[in-house]
Each structure stands twice: as C-alpha cells, then as structure tokens.
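Thanks, everyone. I'll keep this brief. Here is the model.

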Amino acid sequence: MAARRLLHCWAGSLRPVSSAAAAGGPYPKRVKVVEVGPRDGLQNEKNLVPTPVKINLINMLSETGLQVIEATSFVSPKWVPQVAAGAKEVSIFGAASELFTQKNINCSIEESLERFEEVMRAAKEASIPVRGYVSCVLGCPYEGKISAAKVAEVSKKMYSMGCYEISLGDTIGVGTPGSMREMLAAVMKEVPVGALAVHCHDTYGQALANILVALQMGVSVVDASVAGLGGCPYAQGASGNVATEDLVYMLNGLGIHTGVDLQKLMDTGTFICNALNRKTNSKVSQASCRL
C-alpha cells in the first residue's frame, strides 16, 4: 500500500528528460506495444497464479491504453475455435534453433512448421489472424550463437504460411545492438519491416538498447511485459522481458506515440507484484518509489 501511494505521488511529475531532437530523428511516429505479461510473464512463475488475479491483471492492463494484450496459451489447435469468441488473434511459437525447438515442443524446426499448418487452417476457418514468434534469434542456451541467415529462413517460412506479423525473440537476452542490427538486416531481406516485431529479454541489460536499434531500422511493434515479468522455462538464467513501464518511458522521451498511460501501467505493475509477493523489475517503477 505504501509503495502504491509513493508511486502515485511521484508519477504526477514523472516525465522523461525530453527529446525534442527526436522529432526529426529516424524513429517511427507511433509504436504498437504488445503486452505479453499475462501469458509470457505469468507462465514462468513457480507458483500457480489464481485465475481472479490473472483476470484483474488483464482488466487493469486493458485500462492503460495498450492495444494488444496476450492473455493465455494453449497447446492443441483444437482450442482455436473455442478461443475465437473472445480472442482477436492467436500466436504460434517457433525457433531458429534446432535444439531449443526439440526442448520446447519436442520436434525439429521443419516438423514444427508442419504442425503450424494445422493451426493456420483452424485459425483461417475461424477468421482469426495469426502472429508468429521466432525464438532464440540472437542466441540459444544449447547452441550458442544463431546465424542471422537461419533466423531469416524461419521467419520467411512463417510469414509465407500466413502469419501477419513475426515477433523476433531474444529469448535469453544475450543480444547486443550489433547483433540485433545484423539479424534484422538479414530478416528484412525476406520479410517486410512492417510485418516485424521485436521481443527482448533483459538478462544482460541490453533490451532497451536493442529495441532502440530496431526502431532506428524501422520496426514499430515491440513486445514487453508489465513489471518485467517472465523468463523462459527452457532457458535457465534468462530474465524477464523488457518492462513495459521502461519501454513506454523511453518511447515517451523519444516523442513516439504509444497511447499508453504510464501512471496506470505502473499501478498495474504494483498490483501484480503485490499479488505475486515479488519486486518489480521495472527500473522506472523502482526509481519512482525511491524518489
């Protein structure tokens, strides 16, 4: 309760040291923030998160101005028609690493793509758009460095099968601005930049820097997780996604429109951290509570 009050008191004056220079900079004017906390964030929690907590989290996130909120995950394509009534889209999860694919979904990359065809058919019949994820685009816990050419190959196949958007995931957070630039340059030769998103974990503290490079290269969709929730059950040591609060703070400072209310977002982060009895990973929220 005290943390919430402190957050509220400070947030009235919480504005990034602004960037008037950004107005003419090489950045998109608007960025779509994809909130993955309820799915990617909570699935890595050790304890079962009660359904009412999940519902409250999603409801609070829906009041922040976020355009897209990933709510849950399921395994079988048989579930696609069932979620059609409440979901606006579904996602499929591939990887650029053979070993990670084996560990994650127990098949090869080629086999995973064949399985995705069934999901694509079911989604098409239900008139649901499909988003594709490619994991381990900048490194794998089992194979180490992943070639940019392999990322481009998998991304092209998923885009060709009908995914309207491809989210490129630095699953273990080992990427740097240099490797992000190299990877994106390769992928952009195969997939239009307007169909690309980035999904950066912050294990090595490089997430915002990597996102900045992506923005400079024309990417205008970024995944993030409230309070920096998340990790990867198949990648030991991987920390959560970049905190949505930190991303929005940076984008505000660049003069990039998101439509997201930072105060409401921080309040939501406080709620879920209290519910999970854990500290936030958001630097912005940490600083706001101290000041």
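Let's start at a glycine. Gly-218 follows helix α9, and its phi is positive, near 105°. Keep in mind that this is a predicted model.

Now step back into the helix itself. α9 covers residues 207-216. Which of its residues are buried? Ala-207, Asn-210, Ile-211, Val-213, Ala-214 and Leu-215.

And what do those buried residues pack against? Three strands are on the list: β5 at 165-170, β6 at 196-200 and β7 at 221-224. Two helices join them: α8 at 177-187 and α10 at 244-253.

Next stop, a threonine. Thr-268 sits in helix α11, which spans residues 262-276. Buried or exposed? Its relative accessibility is 1%. The cut-off for buried is under 20%, so Thr-268 counts as buried.

Who are its contacts? Leave aside residues up to four places away in sequence, and Thr-268 touches Leu-57, Met-60, Leu-61, Thr-64 and Val-226.

Now the whole chain. The secondary structure comes to 12 helices and seven strands. The protein chain has 291 residues, and 50% of them are buried.

On contacts, take pairs of residues at least 6 apart in sequence. Of those contacts, 79% join residues at least 24 apart.

Last, the surface. The chain's accessible surface comes to about 13600 Å². Carbon and sulfur atoms account for 54% of that.

Methods: Residues are numbered from 1 along each chain as its sequence is written. This is a predicted model: local features need pLDDT of at least 70, side-chain atom pairs count only at pLDDT 80 or more; totals for chains, interfaces and linings use all residues. Side-chain values use heavy atoms; hydrogens and water are left out. Buried means under 20% relative accessible area, exposed over 50%, partly exposed in between (1.4 Å probe, protein chains only). Helices (H or I, at least four residues) and strands (E, at least two) are DSSP runs, numbered from the N terminus. Contact means heavy atoms within 4.5 Å. Accessible areas come from the Shrake-Rupley method with a 1.4 Å probe; for residues, only the protein chains shown count as cover.
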